[in-house]
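Student: I am new to this structure and would like to go through it with you. Could we begin once it is on the screen?

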Amino acid sequence: MKSLQELVKFVTQNRLDAASTFPIYSRNEKNSKYKTFITGILQGDYTTDDEAALKLYNATTEAVKYRVLKNRLRERLYNNVLFFYSGKRTGATTAVNTGLYRQLVIAKLLLSAGVRRAGYELMDKILTKATKYQAYDIVQQCALHFRRYSMMQGDVKSFEKYNILFQQTHNILWDEAKAEELYSRVMIHFNESFAQSQELVVQAKNGVVELLKIRERQPTFLINYYTNGVQSTYYYLIRNYQKAIVACDEYEQYLQSSPTFYTAQRHAVILSEKAGYYLHIHDFEKGISSAKNALKLYKEGSINWFLLLELYFLLLLNKGDLVKATDLYIEVVTHSRFEYIRPQQQELWKIFGGYLWFTATSQKNDICIEKLTSRKQLFRFSKLLNEIPHFAQDKKGMNVAVLILQILLLLQKKEFVAIISRTEALKSYIYRNLDKDAHRSHVFIKMLLTMEKSQFDAAKTAQKTKNLLEKLKQGDLSYTATQARMEIIPYEQLWQTALNLIR
């Protein structure tokens, strides 16, 4: 039933049920069982076979008439899927291949029915286009059919031509499949966790070596894509962000020199990756430039547009351009599409607002304070914890950013008693939740706790946290993927601000 529900929704959403050639049911037949079945599925009346059989025939699923109806409906739906066309007339390979797969099925059906002239004519057109768009699975199928046809015609020259083409595409497909395997073996680790391991680093390194060899043999679009993905991931894992940027530059140049495979979406993704790497190495100018160029390629209000603005905001905030960061923050949270993005994203912007407010008030930036206070409900510290139910459960992630922000804001208000009342809970929290993937946060919270031990004396605190500050600056404690999610502003920078608050 679940697969049938999915099929019905796909066909109706793409208006394939209205195809005049093969209608699923007659519009004039008011009591059509097919129409009743489809309507019931769309309205959620039938969530199981038992419900459908009972309501349609007052019978069980074992009833022959129900099984016949279901099977015939499924076959009619399959027929109408052949009419599917994405409607996109761009050079995007996905949209092109959708049409090619449909045409290939039609050509094969014609040939199997003995309609050879029309079938091979269509297949020749498919072969030309599939070759252009590197759809080698389709090329291979066409080469196989033309090789058979050449044999039947006794055309040795054509037979050899298509036999060579078949073998060439076989080799390319094998290399593409191997490249996909190497890519997948690395990326599968990130489905559940961003935590890295030495095993993953070694696997990514070995994958890069193999992929570069494959790319040298077969520099296809897919192999370039997989190679860049594993290369940039490997350099990210070993924190060599400069080389990750170089890998992205190479792939960007490849895209720009390959109009057949260039799309704004693909270009924007690689620009966004680079912006993230520039944030890591604190090259904010180049990061902002990459983010701005990527923004031009996304539709305003789209999911990817909002995601990119998160990165753009962090670049502006860390650069110290508070006015632009404030303008961007206000633009996002007041955007008409903001209420439709995921709750976690909305919560993240609340946290961003808190750090923006803390920074602006610490620096006494009247322009930003005025912009933020002139609009009601933009930031309410008193309700911050209640407004982030999703991140409140993220004990190793963004909840850490909230706890740190709370301490900083209390410090700013000189509410030392409130800070002291939280110290025991904070000690317990860092030892329970912050492991090696969040070591920087562990160290930074210990520095904040040292303030209380030093009775909020700036000189004593600076002296007692000297070694901890050095730990933050050590290379092996740089951002991990887990850490990067919670460190809105580099802790070294936040620490200097915190010390200044008690001087």
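Student: Where is the place of Lys364?
Tutor: Lys364 sits in the loop between α16 (343-362) and α17 (366-373). Helices here are DSSP runs of H or I with at least four residues, strands are runs of E with at least two, and both are numbered from the N terminus. This is a predicted model, in which local features need pLDDT of at least 70, side-chain atom pairs count only at pLDDT 80 or more, and totals for chains, interfaces and linings use all residues. Residues are numbered from 1 along each chain as its sequence is written, and side-chain values use heavy atoms, with hydrogens and water left out.

Student: What is phi of Lys364 near?
Tutor: Phi of Lys364 is near 55°, which is a positive value in a residue other than glycine.

Student: Is Lys364 buried or exposed?
Tutor: Lys364 counts as exposed, at 64% relative accessibility. Buried means under 20% relative accessible area, exposed means over 50%, and partly exposed is in between, with a 1.4 Å probe and protein chains only.

Student: And what about phi of Arg239?
Tutor: Phi of Arg239 is near 65°, a positive value in a residue other than glycine. Arg239 belongs to the loop between α10 (221-237) and α11, and it counts as partly exposed at 26% relative accessibility.

Student: Let us step back. How many helices and strands does the protein chain have?
Tutor: The secondary structure of the protein chain comes to 26 helices and 0 strands. Of the 503 residues in the protein chain, 48% are buried.

Student: Which share of contacts joins residues at least 24 apart?
Tutor: Among contacts between residues at least 6 apart in sequence, 64% join residues at least 24 apart. Contact means heavy atoms within 4.5 Å.

Student: Now the helices. What describes two packed helices?
Tutor: Two packed helices are described by the angle between their axes and the distance between the axes.

Student: What are those values for α6 and α7?
Tutor: The axes of α6 (residues 116-132) and α7 (residues 136-153) come within 9 Å and cross at roughly 140°. That angle makes α6 oblique to α7. Axes are lines fitted to C-alpha atoms, for helices over the stretch in contact, and angles run from 0 to 180 degrees between N-to-C directions. Angles under 35 degrees count as roughly parallel, over 145 as roughly antiparallel, 65 to 115 as roughly perpendicular, and the rest as oblique.

Student: Which residues of α6 and α7 make the contact?
Tutor: On the α6 side they include Tyr120, Met123 and Leu127, and on the α7 side they include Val139, Phe146 and Tyr149. The residues of this contact divide into 11 nonpolar, 2 polar and 2 charged. Ala, Val, Leu, Ile, Met, Phe, Trp, Tyr, Cys and Pro count as nonpolar, Asp, Glu, Lys and Arg as charged, and the others, Gly among them, as polar.

Student: How do α2 and α3 cross?
Tutor: The axes of α2 (residues 33-42) and α3 (residues 49-57) come within 11 Å and cross at roughly 140°. The two helices are therefore oblique to each other. Lys33, Thr36 and Phe37 of α2 meet Ala52, Leu56 and Tyr57 of α3 in the contact.

Student: New topic. How many salt bridges does a search of the whole structure find?
Tutor: The search finds 11 salt bridges. A salt bridge is a side-chain nitrogen of Lys or Arg within 4 Å of a carboxyl oxygen of Asp or Glu.

Student: Which parts of the chain does the pair of Glu252 and Lys274 tie together?
Tutor: The side chains of Glu252 and Lys274 meet in a salt bridge at 2.8 Å, N to O. Glu252 lies in α11 (residues 241-256) and Lys274 in α12 (residues 264-280), so the pair ties together parts that are 22 residues apart in sequence. Both residues are buried, Glu252 at 11% relative accessibility.

Student: What about Asp175 and Arg217?
Tutor: Their side chains form a salt bridge at 2.7 Å, N to O. Asp175 is in α8 (residues 156-187) and Arg217 in α9 (residues 198-217), 42 residues apart. Asp175 is buried, with a relative accessible area of 7%.
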